[in-house]
Amino acid sequence: MTVLIIRRLMQSAVVLLAMSVLVFLGVFAIGNPVDILISPQADQAEIARATAALGLDKPLWEQYFVFLRNALHGDLGRSFVFNEPALRLIVERLPATLELAFAAMLVAIVLGLPLGLFVGLKPDSPLARLVAAGSILGFSLPTFWVGIMLILVFAVELHLLPSTGRGATVNVLGLDLSFLTWDGIKHLLLPAINLSLSRIALVIRLAAAGTREVVHMDYIKFARAKGLASSRIVLVHVLRNILIPIVTVLGLEIGAVIAFSVVTETIFAWPGIGQLIIKSITVLDRPVIVAYLMLTVLLVITINLLVDILYSVLDPRVRLAEARA
Amino acid sequence: MSALTDETAGIDAETPFRRLAADFFASKLAAAGLAVFAAILVVALLAPWISPQNPYDLASLDLMDGRLPPGSASADGLVYWLGTDDQGRDMMSAIFYGLRTSLGVGALSSIAALLLGGALGLVAAYVGGRVETLIMRVVDLQLSLPAILVALILVALLGHGVLKIILALVVVQWAYYARTIRASALVERRKEYIEAARCLALSDARIVLHHILPNCLPPVIVVATVQVAHAIALEATLSFLGIGLPITEPSLGLLIANGFEYMMSGKYWISFFPGVALLIAIVSINLVGDRLRDVLNPRLQK
Amino acid sequence: MSAGAPLLAVEDLATHFFTRMGVVKAVDGVSLAVRSGEVLGLVGESGSGKSVTGFSILGLVDPPGRIVAGRILFEGEDLARLPEERLRRLRGERIAMIFQDPMMTLNPVLRIETQMVEAIRAHHPEVSHAEARARSRDVLGQVGIASAEERLAAYPHQFSGGMRQRVAIAIALLNRPSLLIADEPTTALDVTIQAQILYEVQKLCRESRTALIWITHDLAVVSGLADTVAVMYAGRVVEEGPVDGVLDRPLHPYTSGLIGSVPSRNRRGEPLRQIPGMTPSPLRLPSGCSFRSRCPRADERCLAMPELAALEAGRLVRCVHPLRAEAQ
């Protein structure tokens, strides 16, 4: 177990390092680094001073180490646009994005799991065929288009839900969370549904495939031979067996959901890191871009590692096999 | 005796391809998907000739015709079946051209990714050893990152431009192709006929190209259809966000972005119809790809 | 042997599977009877339909299969016609079943305790969890599992095949059913474990007066265990009667061939005797007697399906040329 963790940690460290080199080269080596790191509005004297201060006259590899050292100290430059440390900007907006991402995953599970179970149990019923066809649709629909349609239907035509922004927040343990207020939930609902849609199709597929496989197993027949009620068979015997692969896949998907929030946040003007990065790319606010990329990659790698560990904890067979080894 | 010869005669008449086609078309949905996709392809290819108006010829545009609802007519009798955008462009023509760009970029990047990923995958499978490990580590690494993140990284670093976007899409996709082809090639490499070919001292290149490659095709075809749909969707997403194709090569994503701001005031058609076109393109490709996957999956074949 | 009406009486059961390739008549004429406290051995080769018979009794036949004809009389009710909810109440409570492959019978992600307690509380919700747990522990002890207390908290994959089968037997007997159907429960186990399990089941059934249908292809098992034996071939019962009678003096040519082909009966060096030909595919059963293509006694009369008839007291045979008291 610990061997596994250490090996993965080392792999993750390698990935991060590779990312940092890539980002460094992209930002510092291509193009004039002066333009990149110093605000375009600076005059000659400022540029000269900054060049010396930032060590831009030093050899490239030395600059890389300076960059790396600064990064490890949490200093990834200052945003041109906001004139604040880039990292702080990102960390400020992170809770909003995480809230949205987790809400989306929750919606995907709450909607997708029952539908997938149903499709797996009764694959020939008309509803099941509809869901199966619909999941191709959900898989194909570009997130941004669905977001637009959601706004069109619920906000513009029906005036049911707000179309932009985040609702009122409540501060819990230093974090501003909006799902604890009714207004917050109203604002959270559409973006969460939008973000969840591509994952719902995945959850349905996984649940249906898992259910189809499990339902033919001997132990399900034995459960029926015991005279158990079908509800118990489905909710306990079938569900527990399909949950493990679903949870692990979904865990790996959280990273993708966080990355994909760039689209939803832009459409719904949700104040998270996704909205920030798009704006930053458009105005070439490079320090923020660098900070976002490094942080998101770190996040994704960490989540992947955690899910790997979680998997071996959840599946009793894996856990005991490792213990014996 | 006669029963025996009857049976074998029946088997000879049906080639694998014909069986494949029969299995494929057994699903009406997939057949419909293929038909729709073919129609879209035709429209995209013939866009300059079948569009009522060239939406990018500024001279032919009339600002006064801007933001007209679907079905309205221009001063000189041209009917705007799907309405006009804020510049007075006929939406239908804009959509035809947009399809062209979207499909073109999607297909081009996919083909390039297929060639790159396929070559690397074949090399990895055939050569093995440290080369294979290195290639597959990079593949695994990239596949562990969400596609959109990879695209964002590349766009942020490379900047704008058609070629740069295509490059970004290629980099996003090559890993899928590499992994699929390597997996198939590995299975093939172990089969006996490759041993036989080796014994006959055929050159490596010949073995790879003539023997291994054709047998890898079925899963690659499935992956390719899915990837093309993904590429189209990804490009549309990037263009919508404003960090994709430049305005000079408007794809459907850009058209949708243009119309977004007009949605609140009820002028839905500027966003809606390009969106529907995009949807139809992606869904039809996915229907075909899904059916191909079921049909080509050796496990499901009875 | 108890007199009176049998506990279970199956009459002309037919279970067919409606597949894309045609109708598979897995069971096409099975009649048998079990008295309470009795052991019936249901013997047949693979594909003879014996497992499907077991599933049919409990209504566990999955689509595309279903019971198409016949009656299954149990304690006065026709199981083939009962609604699902009534059947559910009987399963695990009055009739229990254990399966062939012990490795797959228990749910791998649930503890043994969970899988045992739920069997009790599904039929007796008024029983508390603690009581159900206590009973489970006791029954585990009865089937020969030591340190039952720790075993309850364990997961199935921590047990060997033989132990898992014992757990399955324990689960089956939890609610003291009057009938236990055992579908080749020892086929997948080592020979020594087989003997142990056989002995355990026999003892338990005797003690609780539970009737037992033991489905197997192994005549040796049947000879030591059963009171009555029914021989199946290609979906039909071809012979039925008390075990000693059938094995010593078989009346159906197939039964005779089966007994003759058991290796232990041959002397060393003699070639193994086989029944010539192959079992017909269930998709293409020959008309009339399904054994006629392999039977040395077949003639035109065998083109008509023979009925299962009582030739002597207690001996049923489905043959128009039954063997009489001939020298083997």
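Two strands are taken as paired if DSSP finds at least two bridges between them, and strands (E, at least two residues) and helices (H or I, at least four) are DSSP runs numbered from the N terminus. On this basis, eight strands of chain C form an open sheet of mixed pairing, in the order E6-E7-E8-E3-E9-E10-E12-E11. Its edge strands, each pairing on one side only, are E6 and strand E11 (309-312) of chain C. Neighbouring strands of the sheet are turned against each other by 20 degrees on average, direction ignored; axes are lines fitted to C-alpha atoms, for helices over the stretch in contact, and angles run from 0 to 180 degrees between N-to-C directions.

The structure is a predicted model, in which local features need pLDDT of at least 70 and side-chain atom pairs count only at pLDDT 80 or more, while totals for chains, interfaces and linings use all residues. Residues are numbered from 1 along each chain as its sequence is written, and chains are lettered from A and ligands numbered from 1 in the order in which they are written.

Chain C has eleven helices and twelve strands. Its C-alpha trace spans about 65 × 50 × 45 Å along the principal axes. The radius of gyration of chain C is 20 Å, which agrees with the value near 20 Å of a compact globule of 328 residues; this radius is taken over C-alpha atoms, and the globule rule is 2.2 Å times the number of residues to the power 0.38. Of the 328 residues of chain C, 45% count as buried. A residue is buried if 20 or more other C-beta atoms, placed from the backbone, lie within 10 Å of its own, exposed if 12 or fewer, and partly exposed in between. Two residues are in contact if their C-beta atoms, placed from the backbone, lie within 7 Å. Among the contacts in chain C with a separation of 6 or more, 65% are between residues 24 or more positions apart.

Within the sheet, strand E3 (residues 39-43) of chain C pairs with strand E8 (residues 211-216) of chain C in the parallel sense over five bridges, and Val39(C) stands opposite Leu212(C) in E8(C). Strand E10 (residues 236-242) of chain C has six of its seven residues buried. Strand E9 (residues 228-233) of chain C runs antiparallel to E10(C) and is joined to it by six bridges, with Met232(C) having Val237(C) as its bridge partner. Two residues lie between the strands of this hairpin, in which Ala234(C) takes a positive phi near 45 degrees. E10(C) is also joined by two bridges to strand E12 (residues 315-317) of chain C, again antiparallel; here Glu240(C) has Leu316(C) as its bridge partner. Helix H7 (residues 161-173) of chain C lies across E6 and strand E7 (179-183) of chain C, at about 170 degrees to E6(C).

Chain A touches both other chains described here. Its contact with chain C takes 25 residues from chain C and 17 residues from chain A. On the side of chain C, two or more residues each come from helix H2 (84-90), strand E6 (95-98), helix H3 (102-105) and helix H4 (112-121). This side divides into 14 nonpolar, five polar and six charged residues, where Ala, Val, Leu, Ile, Met, Phe, Trp, Tyr, Cys and Pro count as nonpolar, Asp, Glu, Lys and Arg as charged, and the others, Gly among them, as polar.

In the other contact, 34 residues of chain B meet 32 residues of chain A. H12(B) gives the most to the side of chain B, with nine residues. The residues of that side comprise 27 nonpolar, six polar and one charged.
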